Amino acid sequence: MQMPKIFDNTESPLYNVNRNQDNRPPAIIDLGFSGASDDLQKVVNNLTVMYSEMIRSVNSTLDFMGQPYKAGFAPSPGMGSSERGSHVAAHVWVGNPKNKYREDMGNFYSAGRDTLFYCHHANVDRMWSIWKTLKTDVPKDITDPDFLNAAFLFYDENKQLVRVKVADCLDHRRMGYDFERVDIPWLNYKPPRKAAKSKIQPISKGAQKPEDLFPLNLKKITRVLVPKSAKGKADEVLVLENIETDSTKFIKFDVFVNDEDDNAEELDKAEYAGTFAQVPHKTKDKKGKSTISLRLTELYEDIDVADDDTIVVTLIPRSNGDDVTIGGIKIIPSPPRSG
Ligand SMILES: [Cu+2]
């Protein structure tokens, strides 16, 4: 879980001085931006983040891939879990905090100046290829012709413009390459189960109803009493609606359910429901707006949720909470898992 050493050889063209010097090898990456100082804690946090964004919090194809963006739509309709978690974390972790825009990797406009960017994004592709092989109940293919026929122009190795459709890229092996098979330590990494039944009664103190809080500016840790669609262990998703952010800032917040303590350094627990994070853009249009869904079904099993008709959702801002406003919060039955 370190930057590969090949990128840290100062004699090599792969080296880039515009990186966070504190995060050179052997520093362990902190995918959850948990701020954990203990390396072992960082490792288990990382495994939890990966398991959550690949499996546990994903109810539908679009939860993973992101919302559709079609002609006439407002820009940035919403990131999927494959984009807004570990992908963002690696960008911001590598970028140099001493530079105004955390260049190179820490900002959208400059990320491509770092050789690590290409390796990082090849790895994001690899995560997609692994996700497609997972034996979960979520369909893995998008059949919408708007998606399959969307086309992009690239220069090929002979400097000729070529048009490539999304449908041409769904199987990377057709493009002549494959990924090395390596162990996937997060694949079966479930957070430790709770020993006692999780009831809201002792933890609802200080939690408020959504109608008294939303729209919510996420300045501080906030606990919300959210009504469930059905009591107890139901197949449900948590929806955070109309999340408005300042797109020029690094934003991150985490979501927990029925959590008794707010120990920000620990993500490896059954109550962790998911993450929202974004890479800053240097852009004139400063407003980003999106909605995310987090599946709760497995979480309910892991915390052994009681037969309550309400849960307590804790929202923990990690970076620039002042620049986040969440329009609404609700729990609904898991929508059909169609592609
Ligand atoms: Cu990226």
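A residue is called buried when its relative accessible area is under 20%. The legends below describe close-up views of a predicted model.

**Figure 1. Helix H4 and its surroundings.** Nine of the nine residues of H4 are buried, so this helix is largely enclosed by the rest of the structure. The buried residues are Ser86, His87, Val88, Ala89, Ala90, His91, Val92, Trp93 and Val94. They pack against H1, against helix H3 (81-84), against H5 and against strand S7 (272-278).

Figure 2. Histidine 91 belongs to helix H4 (residues 86-94) and histidine 121 to helix H5 (residues 116-131), so the pair ties together parts that are 30 residues apart in sequence. Histidine 91 counts as buried, at 4% relative accessibility, whereas histidine 121 is partly exposed, with a relative accessible area of 28%.

Figure 3. An unreviewed UniProt entry carries the annotation "domain: Tyrosinase copper-binding" for residues 10-133. In the model, this span is 42% helix and 0% strand.

**Figure 4. The largest nonpolar core.** In soluble globular proteins, nonpolar side chains tend to be buried together. The largest nonpolar core of this model has 32 residues, and Met54, Trp131 and Trp186 have the most contacts inside it. Helix H1 (39-56), H4 and H5 each supply at least two residues of this core. The greatest contribution is that of H1, which gives six residues. Residues of the core come from both domain 1 (5-138) and domain 2 (210-333), so the core lies between these domains.

**Figure 5. Tryptophan 186 and its contacts.** When neighbours within four places in sequence are left aside, tryptophan 186 is in contact with Leu47, Met50, Tyr51, Met54, Ile55, Met127 and Ile130. Elsewhere, a second, separate core of 31 residues includes Phe214, Ile311, Val313 and Val324.

**Figure 6. The interface between the two domains.** The domain assignment of the chain gives domain 1 (5-138) and domain 2 (210-333). Their C-alpha centres lie 20 Å apart. Across the interface, 36 residues of domain 1 are in contact with 32 residues of domain 2. The size of an interface is often given as the accessible area lost when the parts come together. Here the area buried between domain 1 and domain 2 is about 2800 Å², and carbon and sulfur atoms give 53% of it. Arg56, Arg84 and Phe108 supply 25% of the area that domain 1 buries against domain 2, more than any other three residues.

**Figure 7. Leucine 170 in its loop.** Leucine 170 lies in the loop that runs between strand S2 (161-165) and helix H7 (210-213). At 27% relative accessibility, leucine 170 counts as partly exposed. Apart from neighbours within four places in sequence, leucine 170 is in contact with Trp128, Lys132, Phe147 and Leu148. Leucine 170 and isoleucine 142 are 28 residues apart in sequence, and their C-alpha atoms are 9.9 Å apart in space.

Notes:
Residues numbered from 1 in each chain as written. Predicted model: local features only at pLDDT ≥ 70, side-chain atom pairs only at ≥ 80, totals over all residues. Heavy atoms only, no water. UniProt positions renumbered as here; feature names shortened; annotations may be inferred. Helix = DSSP H or I, 4+ residues; strand = E, 2+ residues; numbered from the N terminus. Buried < 20%, exposed > 50% of the residue type's maximum accessible area, 1.4 Å probe, protein only. Core = buried A, V, L, I, M, F, W, Y, C linked by side-chain atoms within 4.5 Å. Domains from an automatic or database assignment. Contact = heavy atoms within 4.5 Å. Buried area = accessible area lost by both parts, 1.4 Å probe.
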